[in-house]
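Biologist: I would like to go through this model with you term by term, and to hear for each label what it rests on.

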Amino acid sequence: LLLMTTVGVGGIIVYDLRTNTVDTIGRDVLNAPFHIQALNGRWYVSDVVDGHPHVAVLTPDGKVEAYRDVDTITSIPHQFAVLPDARIVLESRDGRLVALQGDSIATFALVETGTRPSLLAGVAGGVLHAVPLVHMTLYNQFGHIRWRIPWYWAETAFFTDIATDRQGRVHIIAGVPADETFIVYTLGRNDGDVIQWSEPGP
């Protein structure tokens, strides 16, 4: 299993838990990487090319396999989810989740949008769509709702990121500006219930 993060103005630091080694890939091909998802031996990375947001698809050693221009599709290009069949799901400007495959764009699900940018992540073969102050929804690979929970967190809290582990649990990091603290919440994969949370920390 791999733990990923972005670094500097380009490149991905990869920590391999099996070998306890660190490597940097994509240093010469990425400009401003932000959101990353690994699937089926490929890296999917939000990036900027010539001032336009793209989702880059990289081979395991960091070579660009494809670029997908998403500038005209979404206003939050750094948020996407990848399905097992390699479709890329984004929130479109007109209140839909859309799935990109090759040159085609298809509606994945109709969604509510909020006043804050949504978060997306590939989870358990589907898509987690978090709409701050509204709800969080896990869709299966066909766009059908598996579970939906209301937004439990206070209006003063904001999410900074979501991720999953090998058990399929969802981890969300919420920040509270008034306290200058962050809390990591863990949701169960089957129902979205909060099953644990960390102590608030800086």
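Biologist: Where is L133 found?

Modeller: L133 is found in the loop between strand 13 and strand 14 (135-139), where strands are DSSP runs of E with at least two residues, helices are runs of H or I with at least four residues, and both are numbered from the N terminus. This is a predicted model, in which local features need pLDDT of at least 70 and side-chain atom pairs count only at pLDDT 80 or more, whereas totals for chains, interfaces and linings use all residues. Residues are numbered from 1 along each chain as its sequence is written, and side-chain values use heavy atoms, with hydrogens and water left out.

Biologist: Why is L133 called partly exposed?

Modeller: Buried means under 20% relative accessible area, exposed means over 50%, and partly exposed is what lies in between, with a 1.4 Å probe and protein chains only. L133 has 34% relative accessibility, and therefore it counts as partly exposed.

Biologist: What makes the phi of L133 worth a remark?

Modeller: Most residues other than glycine have a negative phi. L133, although it is not a glycine, has a positive phi of about 70°. A124 is also not a glycine and has a positive phi, near 50°; A124 sits in the loop between strand 12 (119-123) and strand 13 (126-131), and its relative accessible area of 34% is why A124 is called partly exposed.

Biologist: Why is L128 called buried?

Modeller: L128, which is found in strand 13, has a relative accessible area of 0%, and so L128 is buried.

Biologist: Which residues is L128 in contact with, leaving aside its neighbours within four places in sequence?

Modeller: Contact means heavy atoms within 4.5 Å, and with those neighbours set aside the partners of L128 are L119, L120, A121, V123, M136, T137, L138, W147, I162 and V170. V98 lies 30 residues away from L128 in sequence, with 13 Å between the two C-alpha atoms.

Biologist: Why does I105 count as partly exposed?

Modeller: I105 belongs to strand 11 (residues 104-110), and its relative accessibility is 44%, so I105 counts as partly exposed. Not counting residues up to four places away in sequence, I105 touches R68, I73, V98, A99 and L100.

Biologist: How do you know that the radius of gyration agrees with a compact globule?

Modeller: The radius of gyration is taken over C-alpha atoms, and the globule rule is 2.2 Å times the number of residues to the power 0.38. With 202 residues, a compact globule would have a radius near 17 Å, and the protein has 17 Å, which means that the two agree. The C-alpha atoms fill a box of roughly 40 × 40 × 30 Å along the principal axes, and 46% of the 202 residues count as buried. As for its elements, the protein has zero helices and 19 strands.

Biologist: What is the mean pLDDT of the protein, and which element has the lowest mean pLDDT?

Modeller: On pLDDT, the predictor's confidence in each residue from 0 to 100, the protein has a mean of 87, and 95% of its residues reach 70 or more.
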